[in-house]
Amino acid sequence: MKNNSKKANENIFYTMILPVITSVFVFYYNQIAGAIAILACGALYFYLQNQRDYNEKAIQRYVDDVHLSFDSITKNLVFEMPFPIAVLNDGTNIKWHNGYFRNLFPGEDLVGVDISNLIPDFEHINFEDKEIIQPITIVIDEKSMQFYFSTIFNDELKTTETFLYGIDNSYDESIKQLFKDKRLVFFTVYLDNYEDLRSSTDSVSRPQVLGAVDRKINEYFNGHNGIVRKYENDRYMVIMEYQDYQQIHDDKFSILDEIREIEAGNTINPTLSIGAGISGANPSEIYGDSRVAIEIALSRGGDQAVVKIDDNYEYFGGKSKATEKTSKVKSRVISGALRRMINASTDVYIMGHNNPDMDSFGSSLGVYEGVRFLGKDAYIILNEVPRQIENMYQSTTGTLEELKDNILTEDKALARIKPSSLVVVCDNHRKNSTEAPSLIERTDQIFIIDHHRRGNDYIKKATISYIEPYASSASELVTEILNYLDEDFKARTSIAESLLAGITVDTKNFVYQTGVRTFEAASILKRWGADSVYIKRMFKDDFEIVKYKSEVIADSSIVNDMIAIAHFNRDIDGSSLIASQAADDLLTIKGVKASFVLTKANNKIHISGRSLGDISVQLILERIGGGGHLTAAATQLDMSMENAEDMLRKAINEYLREEEENESNTNR
């Protein structure tokens, strides 16, 4: 207002300049006329001043009227707004609220109450934070409320007041929930062992067994409002709404247990693999996700369900040992495919997992031998020689003259590899766990041979993934492939012994994960000249390692009356080997069904898990980023030993709790 008054005075001044100058000029020539002109100027000045004052008063009256009117509108608007409103002192205590806010908390005195006592979600909200622009969504009495706020600082009282108001968003949320509940879920369902089930069941009982499987599948999914369509003897497609799938999710796919318990004259238990797709943008994408999920379920050994949600996966089941396949047709087909890929490539690069063991290096040597037989250049990627393969490395490089020159580090391989090269990954299917992850990006020709259950971070761009969890080892799979490579093929003795050593170390001297095909592979290697006594010498430990393993066992403790946990606190070369061997030795203790040994390796905490089959160490370690088999698994964690053990114990307790819940559901 002061600025407006000053501007008005300036206008009067400029308006009076010309009349005053004119009056003075007239007075100079004619005093009477000049005097009259001066009086007229004075009258004009007083008129302009009065007009200015009148205008200022009129403007002030208008402003006052608007202010009173706006104040009245604001007060009425605040009191009559049809949603909850509250005013907070210093962002904590309720200073004032309207009736709609009271209706959210009936029967309570609200004035003076700390807002976080009524709405705990506000406890950590800083109402003075200007960067919070998104509404805060809170569920109160089954209502979805979106709260907004504005905070004002009072300079005179040195206090802050927060204007808080909420909007009932329940209808919008109900529409979102309805859309979520009604979206489609696709299931691809396979009967894992259809052929074995038919061949092992007599002709009289066979229709009853297969009929029982059909009936169980239809009853289960129809009971959840699903549509079941059988499109092959051992394959089904199921469609249902998400709200019905949620019930299946909550009971953890109990159909897996129901199918496994079918007994109608069959000598082996039927098992299912289920792949579920949920989050695709359209039915075609959802169905495609279910196909990806079923492939993962099968590559993990079957008898389980895999649910694909965007780029994440959930696993259910997988607690039984993978069923050994009696047919070797797939091995023969894979052998032919590998032969064609080798012949079509310029050269071949072979690698196992980082910190390789005898199975990883032995299977790599087997593939190397097959590539050499087909007349192609072959290179094994090995950055360093860890203690666990030192004897094998010395034996093979000392016997085979050309081998040492064909073992490259990752950097040397990167300098040679071409887009037309073939990369073969043995005993591993995870990119970041390979000996040279950078090679994966240099070619589109990738062949995987592995016996571990597939995890989330598998190499997605692989041309062929031969992942068979039923197999004892990658060396067993490579031996079968080599046997079908050519009828004239015969591996050199040191290669055959390396493959047999790989099988021996992964089966713990043919005790664990050993099937008929394991012994058949061993017999092939014996025919190629493998010496069992020589392999026994290859497994001899240094006196120092034996002492270290004794330290680990002495440090162990038993938890849950059946699980041994131990530590190896020395960060030395071969510490992970000592840990894995100590975990095996702990299983010889009476009453111990599973064992875990934590050790330091490469500035990380390495955990080796072993079991006798009653407890799945794979499912336990998968919870903390690991993987492997039912009876053998491992993981690496970038944290302290204490934090790693806490995480391990939590994973064990969660696994055992789920086992107890499943057991109680089965007995109901």
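Biologist: Quick one to start: are F122 and F147 buried or exposed?
Modeller: Both F122 and F147 are buried, a label that stands for under 20% relative accessible area, with over 50% called exposed and anything in between partly exposed (1.4 Å probe, protein chains only). Please keep in mind that this is a predicted model, in which local features need pLDDT of at least 70 and side-chain atom pairs count only at pLDDT 80 or more, while totals for chains, interfaces and linings use all residues. Residues are numbered from 1 along each chain as its sequence is written, and side-chain values use heavy atoms, leaving out hydrogens and water.

Biologist: How many aromatic pairs turn up in the whole structure?
Modeller: The search finds 19 aromatic pairs, counting rings of Phe, Tyr and Trp (its six-membered ring) whose centres lie within 6.5 Å, with planes under 30 degrees apart called stacked, over 60 edge-to-face and the rest tilted.

Biologist: Why do F510 and F519 count as stacked?
Modeller: Their ring centres are 5.5 Å apart and their planes meet at 25 degrees, so this pair is stacked. F510 is partly exposed at 24% relative accessibility, and F519 is partly exposed as well, with a relative accessible area of 48%. F510 also has a positive phi of about 60 degrees although it is not a glycine, and is found in the loop between α16 (493-507) and α17 (516-527).

Biologist: Which other non-glycine has a positive phi?
Modeller: D303 has one, at about 55 degrees, and lies in the loop between α10 (283-299) and β10 (304-309). With a relative accessible area of 2%, D303 is buried.

Biologist: Back to rings: which residues make up the aromatic cluster that has Y242 in it?
Modeller: That cluster is formed by F187, Y220, F221, Y242, Y245, F253 and F316. The charged end of R183 sits over the ring of Y242, 4.5 Å from its centre, which requires CZ of Arg (or NZ of Lys) to be within 6 Å of the ring centre and within 35 degrees of the ring normal. R235 likewise has its charged end over a ring, that of Y190, at 4.2 Å from the centre.

Biologist: Changing topic, what about the strands: in which order do the six run in the open sheet?
Modeller: The order is β14-β13-β12-β15-β16-β17, with parallel pairing, and two strands are said to pair if DSSP finds at least two bridges between them. The edge strands, each pairing on one side only, are β14 (407-408) and β17 (464-467). Within this sheet, four bridges join β12 (residues 347-351) to β15 (residues 422-426), and M351 stands opposite V425 in β15.

Biologist: How is β20 placed, and what pairs with β19?
Modeller: Seven of the eight residues of β20 (residues 594-601) are buried, so this strand is largely enclosed by the rest of the structure. Strand β19 (residues 563-568) pairs with β20 in the parallel sense over six bridges, and A566 stands opposite V597 in β20.

Biologist: What does L586 touch?
Modeller: L586, which is found in helix α20 (residues 575-586), is in contact with I553, S556, A564, A566, V592, S595 and V597 once neighbours within four places in sequence are left aside, contact being heavy atoms within 4.5 Å. Its relative accessible area is 0%, so L586 is buried.

Key: Helix = DSSP H or I, 4+ residues; strand = E, 2+ residues; numbered from the N terminus.
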